[in-house]
Amino acid sequence: MKQKICVVDDEAKILRFISANLKSVGYDVVTVGSGEEFLEKYDLISPDLILLDIMMPGMDGFNVLESLRKFTNVPTIMLTARSNPKDKVSGLNLGADDYLTKPFSLDELFARVNAVLRRSQPSAVESGQAATSVIETGQLEIDIGSKRCWIYKDELKLTQTEFSLLEILALNIDKVVQHETLLSEVWGPQYRDDVEYLRVTIARIRRKIKARLQEPEEYIITYPGLGYMLRSISQSTN
């Protein structure tokens with residue numbers, strides 16, 4: 001079955017350009033001209049990935065993403081003509097998986113779409129651990145096979161990118177994983193120096209974990225200038 005991508009942008013020319021090229025490489029593409037229309041039709045469209053423009057009349061992309069994250073973690077790439085770093089951080093903080101600045105090349109579009117969709121697959125564990133393995137630390141349970149996790153038996157809703165990052169840390173529990181390794185494994189080799197993606201996504205994971213904690217445990221430890229570590233916490237400390 002073809003993977004379905006929904007492109008949300010108020011510029012008809014952009015919609016035609018992206019749609020034609022994504023269809024040419026085998027994707028099923030749906031285009032929508034406004035944030036309001038997209039939210040109304042979301043259940044009907046049921047996309048595997050969203051390309052969401054920021055600068056739209058009415059609901060802008062940030063507002064759409066904020067509404068979207070209340071009921072789904074579907075992978076989302078933000079599109080914008082502005083290269084302001086604050087815009088990128090705002091989108092990432094709201095749960096965007098990636099950020100693409102117009103104008104962009106087809107190679108860049110395809111690479112980012114492929115990378116985000118790859119992370120969304122319920123696939124394989126690259127370390128060689130069994131796909132059914134569950135890694136536990138304190139009250140945090142991470143199911144590698146199903147790409148789901150829980151705090152105190154309540155499911156923790158993570159985006160695919162957030163889970164991919166937590167998965168790598170879990171598979172290397174009590175080991176420091178370097179920034180470059182995390183960025184390359186989760187986003188791709190071209191992101192190995194873009195620490196902002198990593199910092200913002202780690203912060204999102206921490207907020208979601210801490211919101212469920214009954215005790216002030218720190219699960220993810222920062223090693224400034226080096227990387228991050230998921231530490232093992234015995235059940236007796238919670």
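Phe17, Ile18, Asn21 and Leu22 of helix H1 meet Leu106, Leu109, Phe110 and Val113 of helix H5, where contact means heavy atoms within 4.5 Å, and helices (H or I, at least four residues) and strands (E, at least two) are DSSP runs numbered from the N terminus. The residues of this contact divide into seven nonpolar, one polar and no charged, with Ala, Val, Leu, Ile, Met, Phe, Trp, Tyr, Cys and Pro counted as nonpolar, Asp, Glu, Lys and Arg as charged, and the others, Gly among them, as polar. The model is a predicted one, in which local features need pLDDT of at least 70 and side-chain atom pairs count only at pLDDT 80 or more, while totals for chains, interfaces and linings use all residues. Residues are numbered from 1 along each chain as its sequence is written, and side-chain values use heavy atoms, with hydrogens and water left out.

The axes of H1 and H5 come within 11 Å and cross at roughly 65 degrees; axes here are lines fitted to C-alpha atoms, for helices over the stretch in contact, and angles run from 0 to 180 degrees between N-to-C directions. The two helices, H1 and H5, are therefore roughly perpendicular to each other, given that angles under 35 degrees count as roughly parallel, over 145 as roughly antiparallel, 65 to 115 as roughly perpendicular and the rest as oblique. The crossing of H1 and H5 is right-handed, a crossing being left-handed if the near helix is turned anticlockwise from the far one by less than a right angle, and right-handed if clockwise.

We turn next to the sheets. Strands of a sheet pair through backbone hydrogen bonds, either parallel or antiparallel. Five strands form an open sheet with parallel pairing, in the order E2-E1-E3-E4-E5, where two strands pair if DSSP finds at least two bridges between them. Its edge strands, E2 (28-32) and E5 (98-101), each pair on one side only, and neighbouring strands of this sheet are turned by 20 degrees against each other on average, direction ignored. Strand E4 (residues 76-80) runs parallel to E5 and is joined to E5 by four bridges, and Met78 stands opposite Tyr99 in E5.

Helix H1 (residues 12-24) lies across strands E1 (4-8), E2, E3 (49-53) and E4, running at about 170 degrees to E2. Helix H5 (residues 106-119) packs on the sheet as well, touching E1, E3, E4 and E5, and its direction makes about 170 degrees with that of E5.

A second open sheet has three strands in the order E10-E12-E11, with antiparallel pairing. Strands E10 (177-178) and E11 (220-223) stand at its edges with a single partner strand each, so one side of each is left without a neighbour in the sheet. E10 pairs with E12 (residues 227-230) over two bridges in the antiparallel sense, and Gly227 in E12 is the bridge partner of Gln178. Helix H6 (residues 160-171) packs on this sheet, touching E10, E11 and E12, and its direction makes about 70 degrees with that of E12.

Another helix pair is H7 (residues 179-186) and H8 (residues 195-210), whose axes come within 10 Å and cross at roughly 85 degrees, which makes H7 roughly perpendicular to H8. His179, Leu182 and Leu183 of H7 make the contact with Val195, Tyr197 and Leu198 of H8, and these residues divide into five nonpolar, one polar and no charged.

For the chain as a whole, the secondary structure comes to eight helices and twelve strands.
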